[in-house]
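Take a look at the model below.

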Amino acid sequence: MSISSLRNVKHANQIHPTAIIDESAVLGEGNYIGPFCIIGKDVVIGNGNRLEAHCSIGTPPEHKDFWHGTFKSVEVGDNCIIREYATVNSGTIRNTIIGNNVSLLHASYVAHDCIVGDNVTLSGNAAMGGHCTIFEGANIGLNVSIHQYSFVGHYSMIGMGTVITKKSLIEPTKTYVGNPARFLKENQHAIKKNNLNIKDIERFNREFQAALSAAKN
């Protein structure tokens, strides 16, 4: 079906006729919502996002205590690319958060209560358990598995097929590979590409350690 067949609703968004959008959802402007997408209750989506076919945003948490009860929702920022069959579940105790300029590629999975920072890439079939935090700029490779309650540091690179266990420590600006994840090298590609300096890296490390400390309390 061509773009001309899309219907324009809610602030000139392009929404395919087969998409299902809960009446409580709030959309910004300039979004494309593709065929057979599902946007659930109380979902908030910002501006300029593109959701390809069969995305599910704001479906119930995959947590047995919330299958039939009340739960939170999802917030999506601006200029995100969400590809076919990607899934973002609603939160249980807080909204699941997707930042700005995030790429969720084919069949990637963001579980309940996760926070995905700005400029993160989650490659095809990558999956994270509940309550994970992925800091800004992290690049998660194909088929990566991330244990619930994990923290993935700023501008880190996670090689394809890597398994991040609950004992893995994924620090900012570093590259990790393997099962379980192990440190490989500094992520010089991200450092150079994003013009990161020592003060940036020091700030990332402080934020990362603060998050770890808060999680232990």
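Glu52 is buried, with a relative accessibility of 15%, where buried means under 20% relative accessible area, exposed over 50%, and partly exposed in between (1.4 Å probe, protein chains only). This is a predicted model, in which local features need pLDDT of at least 70 and side-chain atom pairs count only at pLDDT 80 or more, while totals for chains, interfaces and linings use all residues. Residues are numbered from 1 along each chain as its sequence is written, and side-chain values use heavy atoms, with hydrogens and water left out.

Side chains of opposite charge can pair when their charged atoms come close. Glu52 does so with Arg50 in a salt bridge, at 2.6 Å from N to O; the term stands for a side-chain nitrogen of Lys or Arg within 4 Å of a carboxyl oxygen of Asp or Glu. Arg50 is partly exposed at 33%. By this rule there are 6 salt bridges. Another of them joins Lys41 to Asp42, with 2.8 Å between the closest N and O atoms. Lys41 is exposed, at 51% relative accessibility, and Asp42 is partly exposed, at 36%.

In the salt bridge between Glu186 and Lys174, the closest N and O atoms are 3.5 Å apart. This pair links distant parts of the chain, 12 residues apart: Lys174 belongs to strand E25 (residues 174-177) and Glu186 to strand E26 (residues 182-186). Strands (E, at least two residues) and helices (H or I, at least four) are DSSP runs, numbered from the N terminus. Lys174 is buried at 16%, whereas Glu186 is partly exposed at 32%. Together with Glu171, Lys174 and Glu186 make up a network of salt bridges.

Now to the pockets. The largest pocket holds about 380 Å³ of space. On a 1 Å grid over the protein atoms alone, a pocket is an open set of points where a 1.4 Å probe fits, with protein on both sides within 12 Å along at least five of seven lines; lining residues have an atom within 4 Å of a point. A volume is the space filled by probe spheres set on the points, which are joined across faces, edges and corners. Of the 17 lining residues, Tyr149, Ser150, Phe151, Leu212 and Ala215 are the closest to the centre of the largest pocket. Helix H2 (residues 198-216) gives the largest share of this lining, 4 residues.

The second largest pocket has a volume of about 200 Å³. It is lined by 13 residues, and Gly137, Asn139, Tyr155, Lys193 and Asn194 are the closest to its centre. Helix H1 (residues 188-193) supplies the largest share of that lining, 3 residues.
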